[in-house]
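I set down what I looked up, in the order in which I looked.

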Amino acid sequence: MSGPGFASIDAREREYVAAALDEGTLMRYRMGLTEEQSFVYRFERAAEQELGARHCLAVNSGTSALLTSLVALGIGPGDEVIVPAYTFIASIAAIAYCGATPVLAEIDESLTLDPRDVERRITARTRAVMPVHMLGVGADMDRLTGLAQEYGLLVIEDVAQACGGSFKGRRLGTIGDMGAFSMNHFKVLTAGEGGFCLTDSLERYETAYAFHDHGFRPNRDGAVEADAMFGLNLRMPDLSGALALAQLEKLDVVLERTRSVNARLGEAIGEVPGARPRRLPDPEGHCATTLTYVFDQAAVARSVAQRLGTTTLIESGKHYYANMPQLAGLAKDRRKVSPLGSAAAHSGDRPPSYARGSMPRTDSILARSIALSTGMSDWYAGTAFGVALDSDADAVKAAAGAFHDAVERGARA
Ligand SMILES: *Cc1c(COP(=O)(O)O)cnc(C)c1O
């Protein structure tokens, strides 16, 4: 079980890690030991180039990247942030830790934010929207940025599961005001653990930098004792930086591999009675780490998943709002579930509802969805069944056959 980046590790990662051990300080600051910049620094500049953003800041996880992005955008107590009811819990935790209020919105059959439902949930307190590009597929960024403009909202993209993907030719994570990425073991690219933020704004980059490094200026350049804010230490270690750079340099190769096996599996499966592929807002831009089907009937989907040794997406760990008991706590005793959150449990007149059943369309879609792995294999995310990057024609055919078999039996059961 891993992401496609881990499955693509080769001599390059070993070389860079060995070099980091030999030449560095194992942290992003080389402190005059060598003329060379650290791997973390080189990774950041390479990511700016490769993904097309003015500024990249490497951090130690995707969760840190989300928190840092929210802080850089000035989001805090009293603010509401709209987030999909289908996301990993880290997106919601980051909002809660800023003292802001997560407001859930429905997904549509793309399994990402439904722009129409987002619009319904905008209030006077809404400061930002957080599209989450789930299972390798970008949300409809045209409509979401359109809404943001119309209502004066900020956009933070959670790109943890979709590094390298794009929407209409622009890389995911560069379309909103900030993009937050993860380089955890299961993601498109991996440093074991790690993450990074992208932004085109120098001011936001400087705030993000300060937050992730004790209030210092970028690269501690011209730092003075009076530097502004209390930051934390969320810095990416340089061994991770070495891995991150080696992985970034093979982003195209990794995506070619996922797209190839994804297309081959999709072709081998063909039409599925009683189900259709998840909608892709931009079919050109998906990372192809999964091949996901939405069935007509939940009972059939559930039975198919069981036969394949996997789960429907509604059963996938802390990826679905009703599987997050913390949300109920947030409406009651905020301090218990987000110890730093200082705001009231809710900011508006009516507390947002987090109870099971409050997102009926998301409930229905996730109960009917099965994601087959085509590179991202993680039972906790519901992708235990599928093919691997190096699956040959026979293995792809066998997986397609097993899927059809399960669908046929599931429909009869
Ligand atoms: C993995 C993930 C995160 C958190 O990333 P970590 O590196 O594990 O902290 C955030 N959001 C989504 C959608 C994720 O899948």
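**Entry 1: the model.** I note at the outset that I am working from a predicted model.

**Entry 2: residues around the ligand.** I began by asking how many residues surround the ligand. I find 17, and I list G62, T63, D158, S182 and K187 as the closest.

**Entry 3: polar side chains at the ligand.** Which side chains place a polar atom by an oxygen atom of the ligand? For T63, I record a polar side-chain atom 2.5 Å from a ligand oxygen. For S182, I record 2.7 Å between an N or O atom of the side chain and an oxygen atom of the ligand. For K187, a polar side-chain atom is 2.7 Å from an oxygen atom of the ligand. I next looked up how much of the ligand surface is covered: the ligand taken alone exposes 380 Å², and the protein buries 92% of that.

**Entry 4: location of the ligand.** In which pocket does the ligand sit? I find the ligand in the second largest pocket. I also checked which elements give two or more residues to the shell around the ligand, and these are α3 (62-72) and α4 (89-97). Of the elements, α3 gives the most to this shell, with three residues.

Entry 5: I turned to the second largest pocket and noted about 330 Å³ of space in it. Its lining comprises 24 residues, of which F88, A160, S182, N184 and K187 are the closest to the pocket centre. The elements that contribute two or more residues to this lining are α3 and α4. I record α3 as giving the most to the lining, with three residues. By class, I find ten nonpolar, ten polar and four charged residues in the pocket lining.

**Entry 6: cavities.** How many cavities of 30 Å³ or more does a search of the whole structure find? I find one. The volume I note for the largest cavity is about 30 Å³. Its lining consists of V137, G138, S166, F167, L280, P281, D282, G285 and H286. I classed the residues of this lining as four nonpolar, four polar and one charged.

Entry 7: I return to S182 and K187: both are listed among the closest residues to the ligand, and both are listed among the closest to the centre of the second largest pocket.

Key. Residues numbered from 1 in each chain as written. Predicted model: local features only at pLDDT ≥ 70, side-chain atom pairs only at ≥ 80, totals over all residues. Heavy atoms only, no water. Near = heavy atom within 4 Å. Polar contact = N/O pair within 3.5 Å; in protein donor to acceptor, adjacent residues only side chain to side chain. Areas by Shrake-Rupley, 256 points an atom, 1.4 Å probe, with all protein chains shown as cover. 1 Å grid on protein atoms, 1.4 Å probe; cavity = no way out; pocket = protein on both sides within 12 Å on 5 of 7 lines; lining within 4 Å. Sits in = over half its atoms within 2 Å of the grid points. Helix = DSSP H or I, 4+ residues; strand = E, 2+ residues; numbered from the N terminus. Points joined across faces, edges and corners; volume = space filled by probe spheres on them. Nonpolar A, V, L, I, M, F, W, Y, C, P; charged D, E, K, R; others polar.
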